[in-house]
Amino acid sequence: MSKFWSPIVASLHPYVAGEQPAIANLVKLNTNENPWGPSLRVVEAIKDAATDDLRLYPDPSAKKLRETIAAYHGVSPDEVFVGNGSDEVLAFIFAGLLKHEKPLLYPDITYSFYPTYSRFFDVKTTTVPLDDNFQIRLEDYEGECGAIILPNPNAPTGIGLPLADIKKLVSSHADQVVAIDEAYIDFGGETAVPLVRDHDNLIVIRTFSKSRSLAGMRVGYAIAQRPLIDALERLKDSFNSYPLDRLAQVAAVASIEDVVWFMDHRQKLIDNRQRLEQALRERGFDILPSQANFIFARKSGWTGKDLSLALRERAILVRHFDKPRISDFLRISIGTEEQCQALITALDQVFASA
Ligand code: PMP
């Protein structure tokens with residue numbers, strides 16, 4: 001607190017990101033990053049763009065990138081909005097599309113940036129409890145509301161909703177914006193992008209941070225019909241004309257162009273997830289069904305906090321949340337085979353000495 005602060009500063013609840021410690025040899029399974037580096041074509045594109053041209057501002061409309069994303073999804077470039085990570089895209093969506101007189105609905109257990117943005121932009125909200133199996137129940141979203149936002153699959157549970165359910169939700173709320181945050185959709189879910197054509201209230205948010213291994217470049221986007229995208233462009237051009245730098249724009253284009261890298265690495269991750277789930281089940285873990293690049297798992301007799309501390313002592317980082325209903329769970333990002341094996345070895349040591 002300082003007398004120099006504007007009043008809003010003290011009222012904020014800043015998001016707490018997963019740890020990024022600078023310790024060598026850590027097995028980092030705590031921030032849902034991709035365990036493999038990005039496509040070599042991405043690295044080459046960044047090197048090629050690292051020239052004297054960096055003295056020039058980037059294309060403020062990221063035209064080439066929007067065209068590439070549009071072609072990938074079969075939509076028009078006008079229906080694509082890009083931003084500095086999907087977090088920034090989400091911020092504009094909270095400010096410009098989700099703030100209404102009636103409350104915004106989102107699950108009680110979900111991406112913890114939603115309450116942070118709601119507070120920042122003073123959005124009235126009502127949280128909707130997940131059911132006893134940690135599932136989103138569509139009937140619970142049928143009450144009066146100003147808008148809805150859901151991650152699909154949800155985080156940190158990893159549980160996805162089928163496309164038919166998203167379609168039902170979007171159809172039954174034709175007068176409200178429904179925002180579907182597909183940060184983890186490529187690991188087993190079904191995208192709602194094809195619904196955009198027939199639903200002017202739907203906006204789908206995606207990121208290059210997870211399935212494209214570009215968390216460090218900060219590229220995210222949203223797809224919706226023109227009136228919703230227009231709102232985001234008006235906000236962006238009132239805030240920062242150049243959210244994506246030159247390197248991020250070429251990196252993202254090259255990433256979409258390398259289809260083989262994308263398909264291979266997505267499959268490798270899904271395979272590792274299945275193997276890790278099996279190994280954890282053999283060790284008595286209860287695991288929620290995941291369609292993401294992480295799993296949410298608990299072991300009876302252990303709190304998430306104690307188990308994550310025991311793993312930390314063995315140089316393995318996982319995430320736990322000291323929140324009602326989920327404090328016994330660990331959120332474990334899927335790693336390489338070696339990282340998953342290191343986790344299992346460490347768990348066996350922890351349980352042997354407990
Ligand atoms: N949505 C969800 C559900 C996430 O878990 C994350 C990652 N923390 C994001 C959006 C933001 O990702 P990024 O800003 O890296 O695109």
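Does Lys 47 count as buried or exposed, and at what relative accessibility? At 54% relative accessibility, Lys 47 counts as exposed. Here buried means under 20% relative accessible area, exposed over 50%, and partly exposed in between (1.4 Å probe, protein chains only).

The model is predicted: local features need pLDDT of at least 70, side-chain atom pairs count only at pLDDT 80 or more, and totals for chains, interfaces and linings use all residues. Residues are numbered from 1 along each chain as its sequence is written, and side-chain values use heavy atoms, with hydrogens and water left out.

## Salt bridges

The structure holds 16 salt bridges, a salt bridge being a side-chain nitrogen of Lys or Arg within 4 Å of a carboxyl oxygen of Asp or Glu. Side chains of opposite charge can pair when their charged atoms come close. The table gives three of these pairs.

| Pair | N to O distance |
|---|---|
| Glu 44 and Lys 47 | 3.9 Å |
| Arg 206 and Asp 186 | 3.2 Å |
| Arg 226 and Asp 230 | 3.9 Å |

Helices (H or I, at least four residues) and strands (E, at least two) are DSSP runs, numbered from the N terminus. Glu 44 and Lys 47 both belong to helix 2 (residues 40-49), where they sit 3 residues apart, about one turn of the helix.

Arg 226 and Asp 230 are 4 residues apart in helix 7 (residues 226-236), so about one helical turn separates them. Arg 226 is partly exposed at 31% relative accessibility, and Asp 230 is partly exposed at 35%. Elsewhere, salt bridges that share partners join Glu 182, Asp 186 and Arg 206 into one network.

Arg 206 lies in strand 7 (residues 202-207) and Asp 186 in the loop between strand 6 (177-181) and strand 7, so the pair ties together parts that are 20 residues apart in sequence. Arg 206 and Asp 186 are both buried.

## The ligand

The residues around the ligand are Gly 85, Ser 86, Asp 87, Leu 90, Tyr 111, Asp 181, Ala 183, Tyr 184, Thr 207, Ser 209, Lys 210 and Arg 218. They divide into 4 nonpolar, 4 polar and 4 charged. In this division Ala, Val, Leu, Ile, Met, Phe, Trp, Tyr, Cys and Pro count as nonpolar, Asp, Glu, Lys and Arg as charged, and the others, Gly among them, as polar. Helix 4 (residues 85-96) gives the most to this shell, with 4 residues.

Polar contacts are pairs of N or O atoms within 3.5 Å; within protein, one must be able to donate a hydrogen and the other to accept it, and residues adjacent in sequence count only if both atoms are side-chain atoms. A polar side-chain atom of Asp 181 lies 2.7 Å from a nitrogen atom of the ligand. Thr 207 places a polar side-chain atom 2.5 Å from a ligand oxygen atom. An N or O atom in the side chain of Arg 218 is 2.7 Å from an oxygen atom of the ligand. Of the 410 Å² of accessible area that the ligand has on its own, the protein covers 92%. Accessible areas come from the Shrake-Rupley method with a 1.4 Å probe; for residues, only the protein chains shown count as cover.

## Backbone features

Two cis peptide bonds can be described. One runs from Asn 152 to Pro 153, with omega near -5 degrees, and Pro 153 is in the loop between strand 5 (147-151) and helix 6 (163-172). Another joins Ala 155 and Pro 156, with omega about 5 degrees; Pro 156 is in the loop between strand 5 and helix 6.

Positive phi values in residues other than glycine include that of Asp 122, near 55 degrees. Asp 122 lies in the loop between helix 5 (113-120) and strand 4 (125-128) and is exposed at 60% relative accessibility. Ser 213, not a glycine, has a positive phi of about 55 degrees. Ser 213 lies in the loop between strand 7 and strand 8 (220-223) and is buried, with a relative accessible area of 12%.

## Cysteines

A search of the whole structure finds 0 disulfides, a disulfide being a pair of cysteine sulfur atoms within 2.5 Å. Cys 145 is buried at 4% relative accessible area, and Cys 340 is buried at 8%.

Definitions and conventions: Near = heavy atom within 4 Å.
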